[in-house]
Amino acid sequence: MDKTALPKPVKSARKAYCSLNTHQRGFVLAVTIMREAIDEFRRFRRDKEVNSQLYSKLTVRGKVQVKSSDIQVGDLIIVEKNQRIPSDMIFLRTSEKAGSCFIRTDQLDGETDWKLKVAVSYTQRLPALGDLFSINAYVYAQKPQLDIHSFEGTFTREDTDPPIHESLGIENTLWASTVVASGTVIGVVIYTGKETRSVMNTSNPKNKVGLLDLELNQLTKALFLALVALSVVMVTIQGFVGPWYRNLFRFLLLFSYIIPISLRVNLDMGKAAYGWMIMKDECIPGTVVRTSTIPEELGRLGYLLTDKTGTLTQNEMIFKRLHLGTVSYGTDTMDEIQNHVINSYSQMHSQASGNNTSSVPPRKTQTSAPKVRKSVSSRIHEAVKAVALCHNVTPVYEGRAGVTGDSDRAEADQDFGDESRTYQASSPDEVALVQWTQSAGLTLVSRDLASMQLKTPGGQVLTYCVLQLFPFTSEGKRMGIIVKDEASAEITFYMKGADTVMSTIVQYNDWLEEECGNMAREGLRTLVVAKKSLTEEQYQDFESRYSQAKLSLHDRALKVAAVVESLEREMELLCLTGVEDQLQADVRPTLEMLRNAGIKIWMLTGDKLETATCIAKSSHLVSRTQDIHIFQPVTSRGEAHLELNAFRRKHDCALVISGDSLEVCLKYYEHEFVELARQCPAVVCCRCSPTQKAHIARLLQRHSGRRTCAVGDGGNDVSMIQAANCGIGIEGKEGKQASLAADFSITQFKHIGRLLVVHGRNSYKRSAALGQFVLHRGLIISAMQAVFSSVFYFASVPLYQGFLMVGYATIYTMFPVFSLVLDQDVKPEMAMLYPELYKDLTKGRALSFKTFLIWVLISIYQGGVLMYGALVLFESEFVHVVLISFTALILTELLTVALAVRTWHWLMVLAEFLSLGCYVASLAFLNQYFGIGRVSFGAFLDVAFITTLTFLWKVSAITVVSCLPLYVLKYLKRKLSPPSYSKLSS
């Protein structure tokens with residue numbers, strides 16, 4: 001054929017071809033931009049909602065409403081009960097008489113216990129709110145820092161002589177993102193925006209890209225190199241005649257189908273389909289897909305990083321066990337305790353009333369009896385009273401702003417209704433203990449800074465003066481209180497704390513250690529309760545030394561601790577309590593399933609070491625047979641080195657480490673530590689800050705190369721969720737912050753199992769198949785074009801014209817190829833029953849260079865067979881070569897899709913027949929496209945020719961030759977090396 005014989009048609013073909021490419025690229029970009037824009041708009045709406053919340057600002061002219069985004073440093077802001085604090089503030093005043101209030105910090109540190117905050121005493125004492133503007137004072141605050149647990153500042157009033165100074169600590173601060181739980185507070189803003197503690201502890205969200213997308217990008221780059229190489233080969237064989245560079249560009253355009261433009265659209269639509277399937281799954285109701293770009297990531301996970309409080313546990317404490325040394329009471333025997341308490345109080349009451357009516361001298365009550373072996377009844381009474389008094393709990397009555405110490409004690413009985421009472425405390429454990437004493441008959445009805453009142457089963461109100469309170473600290477691991485009974489004037493020092501510290505404080509006994517171990521194995525949080533009776537003289541002596549220590553300027557904390565420790569000797573052991581933090585539903589089987597699926601689970605929590613270890617055991621994060629290695633606290637490089645060596649000698653044991661020690665290890669021995677930790681079956685990091693959680697997620701990604709998933713439910717988990725490859729938020733008691741920031745939002749932890757092993761697995765396998773099919777679709781047509789061009793003297797003439805190419809990529813093959821998103825190798829029930837199937841996915845074998853090369857070879861084979869077959873069989877009817885090869889191509893593509901399907905769905909069958917029907921129907925009006933070089937060849941479609949037997953058998957023969965070997969190979973492969981799932985599906 002003479003090349004010069006086709007100038008005009010070739011030019012028109014080229015123009016059509018260029019405009020076709022432009023339109024396709026435009027369409028692909030439009031689809032991607034639209035999907036990203038919808039995601040972005042939703043985020044914008046959520047941000048706007050938060051920024052436009054209104055707050056009251058106090059000015060000289062009174063109160064004005066301001067948006068939270070307009071608040072500035074130095075503003076005086078009023079925050080009502082249950083309102084979120086908009087920025088970091090110093091607490092100046094409160095409506096509570098005690099000068100203190102409770103705040104909920106769950107969105108900041110993940111702890112749902114309420115924290116007690118104290119107003120600056122000078123501003124709290126001012127007679128009226130307006131007086132804040134009549135004084136000349138300033139607040140000094142340190143520069144913004146990450147640490148949410150510390151603050152240093154001073155309050156100074158200058159217009160007095162001498163100036164008044166008051167030191168400010170963490171108890172005077174109200175951090176942003178916390179919620180006021182009682183009363184109304186007024187604060188002065190010290191940090192806003194990016195300088196607030198909560199924002200400094202959240203990392204900037206990264207734009208997440210799935211591993212599958214990155215792998216497909218690599219393959220697309222390889223295809224681009226193949227495209228350039230093929231074009232250069234064509235021009236080289238041509239012999240670089242004439243303007244060869246122009247020919248090179250023509251070939252680049254002709255073979256540009258090698259680069260699958262429609263891949264992006266198909267995958268994006270596939271991801272949208274997976275998201276829809278996840279949200280419509282009735283087994284995991286309430287699940288929301290917030291990031292539609294990474295559903296396949298759920299199928300590739302190597303590590304799951306989970307929060308503890310509210311994620312694994314419900315954060316609801318329930319009193320389970322009371323142990324008195326000789327006798328133990330569980331949930332089923334609590335009514336016995338109730339009877340003992342009722343009896344002992346009715347005895348005391350009758351004695352007291354008997355004393356009033358007769359002249360019999362009063363008998364001493366059992367509490368101050370000489371050291372004889374007490375009866376069980378009196379020991380229970382003592383234990384219940386101790387638990388009811390030794391705490392930091394405040395009862396709050398709905399309908400009353402905070403707690404008001406009623407002066408009229410006679411009315412107290414009617415005032416304190418059980419229905420409207422709720423308890424506030426800095427720890428849910430404490431609330432559980434006080435609620436238990438209420439069920440046992442001894443009810444806490446009133447509490448302020450100086451006194452508390454208990455109601456007995458008989459309705460009598462006992463008043464106790466609070467002389468001293470020693471709050472719980474993470475170092476001391478204990479809390480104490482000194483109370484004075486107003487009726488008998490007895491002074492008692494009560495103390496409760498962790499068994500590790502209390503065992504040295506209480507008198508010698510032989511049961512405490514053993515019983516604590518037993519309770520811990522049941523997953524209970526234990527507290528040891530003890531008491532010491534003090535005489536008036538002993539107390540006065542203690543108080544004078546304590547006051548002196550509190551005033552010292554140097555080593556104040558040490559001196560105060562030393563004075564308190566002088567009391568903590570030879571205390572009488574009363575009881576051991578066990579409280580359970582209830583696990584979320586089905587946490588154990590879910591963790592078991594994830595472990596079997598080859599996913600390693602790390603628990604990162606802000607909670608205490610003992611509690612974290614407890615939950616790790618009870619949730620079976622650490623199996624019963626495994627040892628636990630508790631990493632000792634380290635502060636220097638040498639200590640870290642020794643501790644790491646000790647850890648290296650352990651085999652197959654779970655690691656428990658605190659945030660501070662972790663920081664030191666990562667500073668000096670990052671690589672060694674991460675390598676050792678990765679070998680552990682489970683890791684527990686306690687006392688973790690939000691930034692540390694995110695840092696661990698990034699470390700695992702960097703060192704292991706595996707995909708990580710973070711699960712959390714509080715504001716303190718947001719950084720971790722955003723840092724992980726895939727973030728899952730649980731809508732829980734700690735608010736919606738985590739679920740809004742996450743890529744996937746669920747309502748219960750147990751839903752993670754199905755989300756990963758069913759939906760994650762399916763999404764990855766389907767996307768891998770879909771991606772490779774779209775690549776195959778482009779490669780096969782490029783192979784045909786290459787054969788066509790080489791046969792016709794390397795002319796850069798397109799084989800198929802305009803609409804045929806558009807139709808091939810869309811209406812003729814799109815539905816069957818896209819219907820692969822419905823394919824599944826095993827049923828969901830099977831995937832849940834055999835989570836081991838998930839392990840194969842992490843190796844990434846569903847889409848790799850090996851599978852890619854197999855598809856390239858298939859495409860070259862099929863393209864070659866189709867083109868050569870058409871040319872060889874239709875020597876005489878050469879004008880019909882386009883029609884024949886294209887018909888065979890469509891049939892081959894439909895059969896290849898059918899070959900890949902593992903489970904047929906009725907929509908797949910419909911897609912196959914619909915596509916075939918569309919093609920047959922379109923033959924009628926696309927006749928001008930079936931000639932080479934378009935109209936110039938005069939080869940209009942011959943309807944009579946299509947209906948001849950010759951046409952039908954020849955097309956069938958070409959199709960059979962192109963597809964049969966694949967069917968044979970698939971059958972042999974399935975027989976000789978069947979995939980793991982085939983054993984189950986059969």
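Does Thr813 count as buried or exposed, and at what relative accessibility? At 1% relative accessibility, Thr813 counts as buried (buried being under 20% relative accessible area, exposed over 50% and partly exposed in between, with a 1.4 Å probe and protein chains only). The structure is a predicted model, in which local features need pLDDT of at least 70 and side-chain atom pairs count only at pLDDT 80 or more, while totals for chains, interfaces and linings use all residues. Residues are numbered from 1 along each chain as its sequence is written, and side-chain values use heavy atoms, without hydrogens and water.

Thr813 sits in the loop between α24 (802-809) and α25 (814-818); helices (H or I, at least four residues) and strands (E, at least two) are DSSP runs numbered from the N terminus. A polar atom of the Thr813 side chain lies 2.5 Å from the backbone oxygen of Tyr808. Beyond its neighbours within four places in sequence, Thr813 is in contact (heavy atoms within 4.5 Å) with Arg777, Gly807, Tyr808, Ile890 and Glu893.

Residues up to four places away in sequence aside, Asp581 touches Lys308, Thr313, Gln314, Asn315, Glu316, Met317, Arg525 and Ile615.

In helix α16 (residues 587-596), the buried residues include Val587, Thr590, Leu591, Met593 and Leu594. Seen down the axis of α16, the buried residues fall within an arc of 160° (taken from the directions from the helix axis to the C-beta atoms), so they line one face of the helix. They pack against β14 (301-306), β26 (600-604), α23 (751-791) and α26 (828-833). Gly598, with a positive phi near 85°, follows α16.

On the surface, Leu895, Val960, Leu964, Tyr967, Val968, Tyr971, Leu972 and Leu976 form a nonpolar patch with about 790 Å² of accessible area together. Such a patch joins nonpolar side chains (Val, Leu, Ile, Met, Phe, Trp, Tyr) within 5 Å, from residues with over 30% relative accessible area and no salt bridge (a side-chain nitrogen of Lys or Arg within 4 Å of a carboxyl oxygen of Asp or Glu). Helix α32 (residues 949-976) gives the most to the patch, with 7 residues. Tyr971 is found in α32 and, at 54% relative accessibility, counts as exposed.

Key:
Patches are made of residues with over 30% relative accessible area and no salt bridge: like charges are joined within 9 Å, nonpolar side chains (Val, Leu, Ile, Met, Phe, Trp, Tyr) within 5 Å. Accessible areas come from the Shrake-Rupley method with a 1.4 Å probe; for residues, only the protein chains shown count as cover. A polar contact is a pair of N or O atoms within 3.5 Å; within protein, one must be able to donate a hydrogen and the other to accept it, and residues adjacent in sequence count only if both atoms are side-chain atoms.
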